[in-house]
Amino acid sequence: MKDTNCRLDLPYPEAAAEKEDPALSERLSALYAGRYGELSALTGYVYQHLILKDKYSYIADTLECLSITEMKHFELLGKLIVSLGGDPLIAETDRRRLYYWNGSYAESATRLDKIIADDIKGEKRAVADYTAFMNYCDDASVNAVIERIIKDEEHHIKILSDIYSEIKGDRR
Ligand SMILES: [Fe+2]
């Protein structure tokens, strides 16, 4: 599957905030490299791609394709953090300390149907987290990027839900 199939055919707005805002940058760091952020999503999909490749190559290719879109999102969030005056460390930050990203965040189920069900939950969680962020953020340029990312995550929910139906259909 081409990586363009996992993102909508719509341009991404320029990832540049209207003005520096360290508090907003910190809040964005959770979506960037927190436990449920983009880095966890992208590395989780790579892991799943690797363990499913031999047995379910089409699904494994789709998971790889999803990971490439999540990497794009990760990069966009990193650019936003820089434009907000933050440091794009691979960590979730708050005023007091850094919580460096940890490989355990990418841990995944190993049974196919559980993997896909968990991925759907993860994408829904991402949409909810991004929506909560947008309710807090009053920088229109930042929100334009987040809104565009949400569209990809909704597209991912559709792709994964179709796979889930196929898997369940095969068992009937
Ligand atoms: Fe994403």
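Is V82 buried, exposed or partly exposed? The structure examined here is a predicted model, in which local features need pLDDT of at least 70 and side-chain atom pairs count only at pLDDT 80 or more, while totals for chains, interfaces and linings use all residues. Residues are numbered from 1 along each chain as its sequence is written, and side-chain values use heavy atoms, with hydrogens and water left out. V82 has a relative accessibility of 47% and therefore counts as partly exposed, given that buried means under 20% relative accessible area, exposed over 50%, and partly exposed in between, with a 1.4 Å probe and protein chains only.

V82 belongs to helix α3, where helices are DSSP runs (H or I, at least four residues), as strands are (E, at least two), numbered from the N terminus. Helix α3 covers residues 57–83, 27 residues in total, and extends 39 Å from its first C-alpha to its last, which is close to the 39 Å expected at 1.5 Å a residue; the expected span of a helix is taken as 1.5 Å times one less than its number of residues. After α3 comes G85, with a positive phi near 90°. The C-alpha atom of V82 is separated by 27 Å from that of H156, a residue 74 positions away along the chain.

The iron ion has as its protein donors E38 (OE), E38 (OE), E70 (OE), H73 (ND1) and E153 (OE), which lie 1.9 to 2.4 Å from it; donors are N, O and S atoms within 2.8 Å of the metal (3.2 Å for Na, K and Ca), and since water is not among the atoms, sites may look incomplete. Along the sequence these donor residues follow the spacing E-x31-E-x2-H-x79-E. Because E70 lies in helix α3 and E153 in helix α5 (residues 140–170), the pair ties together parts that are 83 residues apart in sequence. E70 and E153 are both buried.

The structure holds one disulfide, formed by C6 and C65 with their sulfur atoms 2.1 Å apart, a disulfide being a pair of cysteine sulfur atoms within 2.5 Å. The torsion about the S-S bond of C6 and C65 is about 125°, so the disulfide is right-handed. Since C6 lies in the segment before α1 (22–33) and C65 in helix α3, the pair ties together parts that are 59 residues apart in sequence. C6 counts as buried because its relative accessibility is 0%, and C65 is likewise buried, with a relative accessible area of 1%. C137 is buried as well, at a relative accessible area of 6%.

The largest pocket contains about 570 Å³ of space. On a 1 Å grid over the protein atoms alone, a pocket is an open set of points with protein on both sides within 12 Å along at least five of seven lines, unlike a cavity, where a 1.4 Å probe fits but cannot get out; lining residues have an atom within 4 Å of a point. Grid points are joined across faces, edges and corners, and the volume is the space filled by probe spheres set on the points. The lining of the largest pocket comprises 26 residues, of which Y36, S40, A41, Y105 and G122 lie nearest its centre. Both α2 (38–52) and α4 (112–136) supply at least two residues of this lining, and α4 gives the most, with eight residues. By class, the lining has nine nonpolar, seven polar and ten charged residues, where Ala, Val, Leu, Ile, Met, Phe, Trp, Tyr, Cys and Pro count as nonpolar, Asp, Glu, Lys and Arg as charged, and the others, Gly among them, as polar.

Helix α4 has 25 residues, which should span 36 Å at 1.5 Å a residue, and this agrees with the 36 Å between its end C-alpha atoms. Buried residues of α4 include L112, I116, E123, Y130 and F133. D119 also lies in α4 and counts as buried because its relative accessibility is 9%; its C-alpha atom is 8.6 Å from that of A41, although D119 and A41 are 78 residues apart along the chain. D139, found in the loop between α4 and α5, counts as buried at 4% relative accessibility. D139 and Y58, 81 residues apart in sequence, are 40 Å apart in space, C-alpha to C-alpha.
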